[in-house]
Amino acid sequence: WVETTETNLLDSEGVVVAELVDISDEMAAQTALRAREELLVRLTHALPTGVFQIDAGGAAVVSNPRWFEVTDLHHAATFGDFMGLCSGADRNRIDGAISRTRETGVDCELVVELHTTTDHHRVCRLRLCGLEDAGSVLICLDDVTERHLLERRLVDQAQRDPLTGLLNRSAILSRLEACVQAARERHRSAAVLFIDLDDFKSVNDRYGHAAGDDLLRRAGAAIRSCVRNEDLVGRLGGDEFVVILPNLLVPKAASALAQRLEIELSTLMVGPGERVLSGSVGVGILDGSINDAGELLAAADAAMYSAKRSRARSRTTN
């Protein structure tokens, strides 16, 4: 590669001076640079990760097709269009992360939820990388929706009683502590119902554990059918169940639910042609005399045993 410069010497008729400079090295460097840029573009387009670079003013510099596949946005969409897919809280988090990355140069990662224009709900991980260009930030986006759903299912399974599908002992006790704390902070009341199936051991002894398990499943379903969506139902173990009423406006509502539960459980048949099941229900109300979740559960447990003794005395009398 040669660069030529021709100079016409006006004072010398017909004389032209030509200067030749060897620019082979410079051209080779430019060719190599273009090749690297083309390779970078091809690699960026082949990435399974969405890429979007913004400058100091938030304008797009570089993007790849995967970014628009995940977001369901048109290829001419701006970063502002992407932010429009996020909730207000997530937008604030993203803005804060971009500011920190620009100020510190430290990469940042966060998980956000997108509500795309095609009504898809996606959970995405964003990684923000500061670049040498003043104020430029490279944002990498990965769709982690399936992983997020799997993690939620695993967490939910770990908190569920495998027999009834209700919250298990550790989960229901943890929720009870959280509900009591929230009620105290909001100056509201809450209630716990402690439910025990009467004579359940005799069911296992007479019909076998399979029949007993079936009865527990039906009892759990019956209890769940009586409560509100906001109420929590769990199985402590054996034939003991717990219902948490986190937002109790009227204390009588807990007693009314206890009566309804006893009626609902009394419709379950223990065996073909056999007597119906009965259940004893005790109510504990969060008030000034109760300090924590343990005391609230103990109060409901004591009330349940009192109801069980009263039912036993009634049967003896009859």
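The model is predicted: local features need pLDDT of at least 70, side-chain atom pairs count only at pLDDT 80 or more, and totals for chains, interfaces and linings use all residues. Residues are numbered from 1 along each chain as its sequence is written, and side-chain values use heavy atoms, leaving out hydrogens and water.

Start with a sheet. Strands of a sheet pair through backbone hydrogen bonds, either parallel or antiparallel. An open sheet of 5 strands has the order S4-S3-S7-S6-S5, and its pairing is antiparallel. Strands (E, at least two residues) and helices (H or I, at least four) are DSSP runs, numbered from the N terminus. Two strands count as paired if DSSP finds at least two bridges between them. Strand S4 (60-63) and strand S5 (108-115) are the edges; each has a single partner strand, so one side of each is left without a neighbour in the sheet. Neighbouring strands are turned by 25° against each other on average, direction ignored. Axes are lines fitted to C-alpha atoms, for helices over the stretch in contact, and angles run from 0 to 180 degrees between N-to-C directions.

Look at one pairing here. S5 and strand S6 (residues 121-130) pair in the antiparallel sense over 8 bridges. Glu109 has Arg127 in S6 as its bridge partner. Two helices pack on this sheet. Helix H4 (residues 88-104) touches strand S3 (50-54), S5, S6 and strand S7 (137-143), and its direction makes about 155° with that of S5. Helix H5 (residues 145-158) touches S6 and S7, and its direction makes about 115° with that of S6. Contact here means heavy atoms within 4.5 Å.

Next come the aromatic rings. The structure holds 5 aromatic pairs. Rings of Phe, Tyr and Trp (its six-membered ring) pair if their centres lie within 6.5 Å; planes under 30 degrees apart count as stacked, over 60 as edge-to-face and the rest as tilted. Phe52 and Trp67 form a tilted pair, 4.9 Å centre to centre, with 35° between the planes. This pair links distant parts of the chain: Phe52 is in strand S3, Trp67 is in helix H2 (residues 65-71), and they are 15 residues apart. Both Phe52 and Trp67 are buried. Buried means under 20% relative accessible area, exposed over 50%, and partly exposed in between (1.4 Å probe, protein chains only). The ring centres of Trp67 and Phe82 are 4.9 Å apart and their planes are at 50°, so this pair is tilted. Phe82 sits in helix H3 (residues 79-83), 15 residues from Trp67. One aromatic cluster takes in Phe52, Trp67, Phe68, Phe79 and Phe82.

Now move to another sheet. An open sheet of 4 strands has the order S9-S10-S8-S11, with antiparallel pairing. Strand S9 (232-237) and S11 stand at the edges, each with a single partner strand, so one side of each lacks a neighbour in the sheet. Neighbouring strands are turned by 20° against each other on average, direction ignored. S8 and S11 run antiparallel and are joined by 7 bridges. In S11, Val281 is the bridge partner of Ile195. H8 lies across S8, S9 and S10, at about 10° to S10. H9 lies across S8, S10 and S11, at about 170° to S11.

The largest has 29 residues, and Leu193 and Val243 touch the most other members. Strand S8 (189-197), helix H7 (200-207), helix H8 (209-226), strand S10 (240-248) and helix H9 (251-265) each give two or more residues. H8 gives the most, with 6 residues. Apart from this core lies another, of 25 residues, among them Val70, Cys124, Leu126 and Val137.

Two residues close the walk. Ser280 lies in strand S11 (residues 279-285). Ser280 is buried, with a relative accessible area of 0%. Its side chain makes a polar contact with the side chain of Asp198 (2.8 Å). A polar contact is a pair of N or O atoms within 3.5 Å; within protein, one must be able to donate a hydrogen and the other to accept it, and residues adjacent in sequence count only if both atoms are side-chain atoms. Arg235 lies in strand S9. Arg235 is buried too, with a relative accessible area of 14%. The residues touched by Arg235 include Asp161, Leu216 and Phe241.

Notes:
Core = buried A, V, L, I, M, F, W, Y, C linked by side-chain atoms within 4.5 Å. Lists of a residue's contacts leave out its neighbours within four places in sequence.
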